[in-house]
Amino acid sequence: MSTFRDSIASIPGAVTNFISESASTASSYLQGQTTPTRSTPTPSTSTTEETINSSNTVHNDKSLPIPASLVKEQWRLIFSSDANAQDLEAAIAHCRDLVLLSEECSDERRWLVRHLVDLRYALKELQEAQAGPNETFSTVKTVVGHHFVVHQRTRRAVRYYCDFCTGIIWSVVQTSYICSDCNYLAHQKCVDSVIRICAHVIASERQYPIAEICPEIGLAAQRYKCAECATLLNFKHAWIEPRLCDYNGLYYCPPCHWNDNSIIPARVIHNWDFAPRKVSRASLQEINLFLDKPLVKLEEANPKLFVFLEKLCTIKKIRQNLVYMRKYLIECRLAMEEKLIDNQIGIRRHLIQSNEFYSIHDLEETENGTLMEFLSKVFNNFNRHIRNCSMCTAKAYICEICSNCEVIYPFDDGCIICDKCNSIYHRVCLTRKKMLCPKCIRFQNRKIQLQQNENDNNED
Ligand SMILES: [Zn+2]
Ligand SMILES: [Zn+2]
Ligand SMILES: [Zn+2]
Ligand SMILES: [Zn+2]
Ligand SMILES: [Zn+2]
Ligand SMILES: [Zn+2]
């Protein structure tokens, strides 16, 4: 069902054809005689523009923009998914009045007649939903890997759509279920028919987002079938047009591909390209599960990037410094007591555990500058603690090459740490020593000496 263009556009194919093919039949809706029935839940022409999950526009040739002259009436004609039957009846009555007042063959009339059809259809669905069984299953229901729990509506005035049948979810009268792992949302009546395997299962099997850029195999290789529901696709009809998913390179039918836009991990990693591309519902749910996971060893995957992008080098450097700082903080009782690390870094611990792994989200924030801002703040707070804490300052170093009594830390600018013995020197001092760590040399010499002594003893 649908209201109008900018609110929803998921008229079932049959209904849409019906509307566009015959205005006269449609006008019989004025008298409320015919009621279209939805034969199968799948084939809706197109989808949504403001679903909770999708952010972009969807084209729908069947829907018309509201004529300017009707904009002022819009509040009496539009309904949201928490509308009740009275709201819809009032909207229908008002819409019918406007039809009678409108000029014949005008844009207004055309729009109103279509809208009236939509309203009637919506009312019918709503009444059916109200009449239907509404028993709920108590806790968690598992279907093809999903863990469905009752969906608690969090945002009013947001339309929620069923991932299975693409229909609107009438939250006042319909129970819906959401997968606690991947956010798949479905009507209660649809839950048992779900065919899409939970994105969480797919993501855990894959372990890493698809690494090739849009690995397309072609429609013929797919035998012109939707990669998810196997609906036969063709370009002649909008409701079964093939839609390419830029993430996995497969073609989908419109009910399985809502033209959602998403960042594509492979494009980010290989091309530093953050432009959103169109993806299927399944891919969107999968990508969303990968976004915050620190899985990308960026320097290994694309070493040149660090040469070209100064901001990446800066991030790498500050993360390395935070790794050094973390070593101080996890050994400091005071820092642990005030939960300094948790308070500063929250769940993004990977950022200070090493400087190798990035999540796609980290990379996005590297590009827009927010990660640097965040890490600088963390750096300043850690720095303040370490320099003012008696336990941490006790572990500061003094450069033994110059024996200057200034205390130094591995995260100080101009200092360098020996990766063998962890001693810290001024970079200039160590350069003077041809980068040979004096402490390591002493160790080496002592070892040789000991070996020598042992050999001498054996000979005696
Ligand atoms: Zn449904
Ligand atoms: Zn799921
Ligand atoms: Zn499909
Ligand atoms: Zn401390
Ligand atoms: Zn020095
Ligand atoms: Zn050393």
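Two residues are taken to be in contact if their C-beta atoms, placed from the backbone, lie within 7 Å. The structure described here is a predicted model.

Helix H16 spans residues 360-368, and its buried residues are Ile 360, Asp 362, Leu 363 and Thr 366. These residues lie on the same side of H16, because they cover an arc of only 155° around the axis. The elements that cover them include helix H8 (265-271), helix H9 (281-290), strand S9 (296-297), H12, strand S10 (357-358) and helix H17 (370-388). After H16 comes Gly 369, with a positive phi near 90°.

Helix H12, one of the elements covering the buried residues of H16, comprises 21 residues, 310-330. From its first C-alpha to its last, H12 reaches 30 Å, close to the 30 Å expected at 1.5 Å a residue. Buried residues in H12 include Leu 312, Ile 315, Ile 318, Arg 319, Asn 321 and Leu 322. Met 325, Arg 326, Tyr 328 and Leu 329 of H12 are buried as well.

An open sheet of 4 strands is arranged in the order S1-S2-S3-S4, and its pairing is antiparallel. Strand S1 (141-143) and strand S4 (185-187) each have a single partner strand, so one side of each is left without a neighbour in the sheet. On average, neighbouring strands of this sheet are turned by 35° against each other, direction ignored. Strand S2 (residues 146-150) and strand S3 (residues 176-179) run antiparallel and are joined by 3 bridges. Opposite Phe 148 stands Cys 179 in S3.

The protein chain has a mean pLDDT of 82, with 83% of its residues at 70 or more. Over residues 1-62, the pLDDT is below 50. Where pLDDT is low, the predicted coordinates should not be read in detail.

Conventions: Residues numbered from 1 in each chain as written. Chains lettered and ligands numbered in written order. Predicted model: local features only at pLDDT ≥ 70, side-chain atom pairs only at ≥ 80, totals over all residues. Helix = DSSP H or I, 4+ residues; strand = E, 2+ residues; numbered from the N terminus. Expected span 1.5 Å × (residues − 1). Buried ≥ 20, exposed ≤ 12 C-beta atoms within 10 Å, placed from the backbone. pLDDT = per-residue confidence, 0-100. Arc of directions from axis to C-beta. Pairing = 2+ DSSP bridges. Axes fitted to C-alpha atoms, helices over the stretch in contact; angles between N-to-C directions.
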